[in-house]
Amino acid sequence: MEHIVIIGNGIAGITAARHIRKLSDKKITIVSAETDHFFARTALMYVYMGHMKFEHIKPYEDFFWKKNRFHLVNGFVTKVDYKSKKIVLANSESLAYDKLIIATGSKPNKFGWPGQDLKGAQGLYSKQDLDALELHAPNKEVCSRAVIVGGGLIGIELAEMLRTRKIPVTFLVREESFWNGVLPKGESEMINEHILEHHIDLQLGTNLKEILSDENGHVRAIVTDKGETIECNLVGLTAGVTPNIDFLKDSGIELDKGVKVNRMLETNIPNIFAIGDCAEQHEPIGNRRPVEAVWYTGRMMGEAIAQTICGNPTPYNPGHWFNSAKFLDIEYQTYGWVFSERNIKPYEEHFHWRHKDEKICITISFHKETKAFLGINTFGIRMRHEMMDRWLTENKSIEHVIAHLQDANFDPEFYATYEASIVAKYNEQFKASIGLKKKSLKRIFFNI
């Protein structure tokens, strides 16, 4: 019986295991040192905030693994020996494989800051990080202040988590506006306002210089590049993540930032594959990055590799870019491509609308000459994924999108709607005369 070994039990690895089992009776072994069973990593914040217990973020009951004949091995992999087709664990035990799937995910970036390995300096990625957070920041008495370094999605999640326990937070962001390498100016500035309104000390254009230690090897303060010393008991290192591939450096597997793979998710070594956050495409797919640390792309890679391993070669095809997140209590969605001013394409033009009172806005990207719809960001308005995907696939015009915005609105009944105001602003800005179409279920579900 062919033996499939999967290193990593995150969304990519577990999706691969589930789909291989659906398609075959192959022997499947999953190796991980993080937890015994898979959990929804993106829900860790809700455990700390008290909305859920840890067992609630495990999508499958513990008996699921035995029922599906998954052999679980708790351990760190220290070496992959492709010549003998085996992996070696930290306890010196070895495990033979016929096919190997590397799905080891990411680890928080560290940039050589003095003190970055002190107790109380940590990321927010693993179950161990959640446990450390409970130890070092259980309440405002133990943690009188936290400093968060890095202005991305994980950083703002950590800030929200800590504020639910009334822990004062200082947020260091090296950019001049929050996440302005991703978000256009109007959106980034709105999030700046929102962070400050939630009593978070947002310090823009500020870098971490050093983390200072107390006599017990624990964080006591940080020093910024502006010379300010900020006393704190926790430092959240949330300046992005990088593929977790250190154990592969002398393996013969081709590496760059991540494990190099082709569209079939194959490495340069036969019978070894890589998926999820640790995989790096030789050639980026469209405007996507070669490494994508995104939950749904890991799931899609897991599904594709399962098909290939079970005899149905299937290339990885993620389709149109999309993502969603929350900035405190503002829901964010993005479909297609809306680049920030830092990365905007020469052919790209933006239409931006913001509500005069609420933290609600949209930005729509379109081609300057052809007027083709390129992408949309929404804050505080939920959009229908299927409709956005269809408009991008069918290369609809910006005028079509503006006119049919009600078809795309996915907010529940009785929610306030803003399409009329959006259309009016577009008409005013671009000297157009577009009329807003009423929502049509036939268009939505049958494309009629």
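The structure is a predicted model, in which local features need pLDDT of at least 70 and side-chain atom pairs count only at pLDDT 80 or more, while totals for chains, interfaces and linings use all residues. Residues are numbered from 1 along each chain as its sequence is written, and side-chain values use heavy atoms, with hydrogens and water left out.

**Exercise 1. Work out in which order the strands of the open sheet stand, and which helices pack on the sheet.**

Step 1. Strands are DSSP runs of E with at least two residues, helices are runs of H or I with at least four, both numbered from the N terminus, and two strands pair if DSSP finds at least two bridges between them.

Step 2. The open sheet has 5 strands with parallel pairing, and their order is β3-β2-β1-β7-β19. Because β3 (70–74) and β19 (272–274) at the edges each have a single partner strand, one side of each is left without a neighbour in the sheet. From one strand to the next the twist averages 20°, where angles run from 0 to 180 degrees between N-to-C directions and axes are lines fitted to C-alpha atoms, for helices over the stretch in contact.

Step 3. Between β1 (residues 3–7) and β7 (residues 99–102), which run parallel, there are 4 bridges, and I7 stands opposite I102 in β7.

Step 4. Contact means heavy atoms within 4.5 Å. Helix α1 (residues 11–23) touches β1, β2 (27–32), β3 and β7, its direction making about 170° with that of β2, whereas helix α7 (residues 295–309) touches β1, β7 and β19 and makes about 175° with β7.

**Exercise 2. Decide whether H3 is buried or exposed, and find what its side chain reaches.**

Step 1. H3 belongs to strand β1. With a relative accessible area of 8%, H3 is buried, given that buried means under 20%, exposed over 50% and partly exposed in between (1.4 Å probe, protein chains only).

Step 2. Beyond residues up to four places away in sequence, H3 touches K27, T29, L95, A96, Y97, D98 and K99. Although H3 and K99 are 96 residues apart in sequence, their C-alpha atoms are 6.6 Å apart.

Step 3. The side chain of H3 reaches the backbone oxygen of A96 at 2.9 Å.

**Exercise 3. Identify the residues with the most contacts inside the largest nonpolar core.**

Step 1. A nonpolar core is a set of buried Ala, Val, Leu, Ile, Met, Phe, Trp, Tyr and Cys residues joined through side-chain atoms within 4.5 Å.

Step 2. The largest such core has 81 residues, and V80 and I87 have the most contacts inside it. Its largest share, 7 residues, comes from α7.

Step 3. Leaving aside neighbours within four places in sequence, the contacts of I87 include V5, I7, V31 and L100.

How values were computed: A polar contact is a pair of N or O atoms within 3.5 Å; within protein, one must be able to donate a hydrogen and the other to accept it, and residues adjacent in sequence count only if both atoms are side-chain atoms.
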